[in-house]
Amino acid sequence: MERTVGGVTVCGVDVDAATRCAHYGEAWDVVAIRAACCDAYYPCHACHDAVADHEHAVLPRESFDDPAVLCGACGELLTVREYAACDDACPACGHAFNPGCTRHWERYFAPRD
């Protein structure tokens, strides 16, 4: 399934208008992350694995200054560095992000500097 959020196509399973999916559906689950392997945005690694025909690849450190994280609440695109520094809330609209996502950093991004 695909849904357009803030002008960005988000792929996954049962993706809603704020990028929540079948795997993560709480109020604060409003990010989609660009996968390095295909440059497509997904709400989570499980969505990628469910709909893509290839293995997931994390974003390398040299991509940390490129847009890679979409706020599903307002459509703002953040770099990995902006996302890492945002204290679990969108810097544009203030909507809370799931603080548990940082525990899964290596599923989406290369290890931090």
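The largest pocket has a volume of about 240 Å³. A pocket here is an open set of points on a 1 Å grid over the protein atoms alone, where a 1.4 Å probe fits and protein lies on both sides within 12 Å along at least five of seven lines; lining residues have an atom within 4 Å of a point. The volume is the space filled by probe spheres set on the points. Of its 22 lining residues, Y24, N98, C101, H104 and Y108 are the closest to the centre. This is a predicted model, in which local features need pLDDT of at least 70 and side-chain atom pairs count only at pLDDT 80 or more, while totals for chains, interfaces and linings use all residues. Residues are numbered from 1 along each chain, and side-chain values use heavy atoms, without hydrogens or water.

The lining comprises 12 nonpolar, six polar and four charged residues. Helix α3 (105–108) contributes the most, with three residues, and strand β3 (31–34) supplies at least two. Helices (H or I, at least four residues) and strands (E, at least two) are DSSP runs.

Beyond its neighbours within four places in sequence, V69 is in contact (heavy atoms within 4.5 Å) with residues including V31, I33, Y83 and F109.

Conventions
Ala, Val, Leu, Ile, Met, Phe, Trp, Tyr, Cys and Pro count as nonpolar, Asp, Glu, Lys and Arg as charged, and the others, Gly among them, as polar.
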